[in-house]
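This briefing covers aromatic rings and the charges placed over them. Please look at the structure below before reading on.

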Amino acid sequence: MKIRAGFTKLLCLGLLAALSASAQATTYSQLALGGGYECVLIISNETTSKWQGAATLRRGNDLPWSTSWALNGKDATGSTVFDITLDPTATAKFVLRGDATARAGYLVILGKTGFSAVDITVSFFYNLINSSGALLDSTGVPAGTAATQFSFPVEKTTIVNTGFAYASAGVTKSFPIYAVLFDARGLPTAQKSWTYQGHLAQFFTELFADIPDGFMGVVQLVSEQNIFLTVLRLEFTAGGFQLTSVPADVPPKPLPGAPEALTPRFIDSVYKEAAGGTSGFFKSRQNADILLSGVDFNNSGGPLLFNHPGGIASDGTRLLLADTFNNRVLIWHTVPQDNLPPDLVLGQKNFTGNNSGVGRDQMNWPIQVATDGRRIVVADTNNDRILIWNSFPTQNGVPADLVLLGRRGMIPREVTKIQFWWPWGVWTDGQKLVVTSTRGPGILIWNQFPTQDNQPADILLRGGGKMGTPRHITSDGRSLIVGDHDARVEGQGEGGSFFWKTFPTADDQPFDFFMNDPADPAGPTWLRGGFTKDGKLILLGATLHIWNSFPENANKKPDLSLSLAYWSHVERAGDTGHLAVAGARVYISSGNGNKIGVYNSIPTETYHVPDFAVGSPDIYTNTLEAHCMITNPQPVSDGKSLFVASDFNRKLYVWKALPDESGACPNFVYRLPLQPLHIALWKDILALAGSGNPAILIWKGLPRNGEFPDLTLGRRIGSLQLQQPTGVAMDDRYFYIADLQANKVYVWEGIPSENSETAFALDVNGPGRLSSDGNYLTVASTFTQSILLYPLPGLNPNTRPTTIGGGGIFNLPGGAAAHQGHLFIADTGANRVHVWRNIQDALSGKNADLVLGQGTPGPFTADIPDPEIGQNKLFLPGTVFFDGSYLWVGELKFSGRLLRFSPSP
């Protein structure tokens, strides 16, 4: 059905969406001036101090406003910004008008340095004036929120249509947007995707063709980047028309019987397909044959493809980066002013290799790097040591001159001045050296830079027993800041930082104060950063914070904090990220964003976007996603297709055919409305369970072509209220859900609906991932270090399981799988997979026939092998699945590889 001319005219003129970008700015995501349209802003200062700010007019995709317009009757053509000054508690009115031609754009109001938009209130009106000066229509638009997911109702009749207007939240690149249309029953009826090219306003009938009159439903919209979105409703009456608008719901509300944000993103992926039909069995410590969620074995992808980069350092001339998951340190002889490759690599012989090792020329998961301009210091974290080069190398792969080996035995004990574990942070000014013992915990300080291997530290700090897992070091030589992920300071969040206002000079010198992240006080983030030459302190946490001088106490707020509205989509620091100041520039290592973001000058405004990126074509592109790298991959397969869930990425990845080459990208990716903690497959049924509402997604036919799930179950199923679902499994008779918090495995006869009652429950201490092959139900009880096997059929509440492993045998086993009479157990903390050819041997207490990865069958000893990423080594294997032809192993947390092992005759 054609859209009425009135609708089209209004779209051409542009429709206003007024939304608040964050606590620091207000964004009107559509601004139409001219042709009778005017914008009226009434702004009030809510404080007893003078307020200063500015409004910026933009158009399209963050382009300068270049049309004729006037401000309060004065010509402002050629300007793109107007200043706003409000006396204490004062109110001012601003009227923006154009000429006879209507042009569209958007407008952002923000405070100048030291002022915040939270201190003002804004009323916005969007007026349409006819040629005689009479007011035809006026719409007051409320503020909303920038987000990546929205849900809003729509209606279409002969006189009514609904739509939306959106603009970006500081994003200046193209990115995909997805939409799903649900009918009045909550059933999905159509889906659409398109590319963001800038500000847009349209009706939903333009997005979804052939909408009949009388249609009512819901549109769910998902964006790859933060946007502002307002819902529009246009109704024609006898006297003309009326335009109304409201913000879309954020986050989207659950729809009965339908998932949120489940539109798949299709990828033009071509790869060699596996033939299957393998025979024979596995061999101990055999090589994996392909690697997904990565480039290839011992292949980083080159000098500019990072993998979760960590620490970054500069002496003002050179730049150094700890490329953590690639087991290397990259060095630029001159701080890069563009996306330029590094000049040297340490830890590898070339820019391609990324295997780990224990030699002085090798590394295993280096997190932090420091330099005084002469020496290089690296926290070689998984090797429990500090590597020191006394001068800058001139060739790749040069071995370290000194080694401070912290570990004395594998099991962490109390930290001493010569004994430390898992060093995460390092700092030096050439005189002092500071190292964190993340396990221990404690801080070691050398008053004079070490000159020999294993030289003891001079000072040991324990934070009065309040340190948990100290991570990053920040210092200017006069003060000290230690970021801690798991601090134990009474009345404070776990994530935060210990501050010493003067540099410690004695053992256990008390810290002066503890500070949580000002942007997220209750969150897990700690602060890390550096100092400028003029004494500014720049710290990275949930966002970027700047103090003009060292804070006197924990209550001193930053002088500037960048807006959270766009920050997480620009620079996601994660566990490993850091920053370095080099002259006027700030280089930010983004661990989860997989790049270095660079400011050419110290930020001065809340919406100051980095000027360029290193390791990425632009500041917004995440090369982890571009190269199909997955965090916490959980694989299942029917022998024909491969399905991989990720709780961290909140996605489901689908390979329509089994890949037979490393680096193969999936055919499509679902963005999920839940955090999938587990995935299960039985014949043609696929299920996901995890954190969120819905908590369970079920496909009754395998989704090889982007199909929607057939069932979405919330946390309430029948009279049962799920608390923390961590595992799911099924077979021909039963459907199982593990609830960690309830210490139960719930069992249903057949696939449950939202009203189904459980048949019974099994009492399990801390149940995790499940699996069933129709003969045995396996339950991972990670924190009891064991796998439980329940015989099937005949399962009932009184069935006693056989316990495999236990304390001293396994180390935090993450999952298990029984298949065709075999048993596979992922012994996560011991970096190995146990394999029994005959499950009966495991039930009778025999050791595994073989292991994949490190170690040998049987109990682990005090010398548990370190996690490594070699072709025949494993790094925290958390999930296993055998499809009859191939064994798939997913590595967790600090690796992310997905490995395939093939049996052989």
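Is tryptophan 422 buried or exposed? Tryptophan 422 is buried, with a relative accessible area of 10%; buried means under 20% relative accessible area, exposed over 50% and partly exposed in between, using a 1.4 Å probe and protein chains only.

This is a predicted model, in which local features need pLDDT of at least 70, side-chain atom pairs count only at pLDDT 80 or more, and totals for chains, interfaces and linings use all residues. Residues are numbered from 1 along each chain as its sequence is written, and side-chain values use heavy atoms, leaving out hydrogens and water.

**Aromatic pairs**
- The structure holds 33 aromatic pairs (rings of Phe, Tyr and Trp, the last by its six-membered ring, with centres within 6.5 Å; planes under 30 degrees apart are stacked, over 60 edge-to-face, the rest tilted).
- Tryptophan 422 and tryptophan 424 form an edge-to-face pair, because their planes are at 75°, with ring centres 5.2 Å apart.
- Tryptophan 424 is buried, at 0% relative accessibility.
- Tyrosine 670 and tryptophan 699 make a tilted pair, 5.7 Å centre to centre with 55° between the planes.
- Tyrosine 670 is buried at a relative accessible area of 0%, and tryptophan 699 is buried at 0% relative accessibility.

**Aromatic cluster**
- One aromatic cluster is formed by Phe152, Phe164, Tyr166, Trp194 and Tyr196.

**Charges over rings**
- The charged end of arginine 439 sits over the ring of tryptophan 422, 4.5 Å from its centre (NZ of Lys or CZ of Arg within 6 Å of the ring centre and within 35 degrees of the ring normal).
- Arginine 471 lies over the face of tryptophan 424, 4.2 Å from the ring centre.
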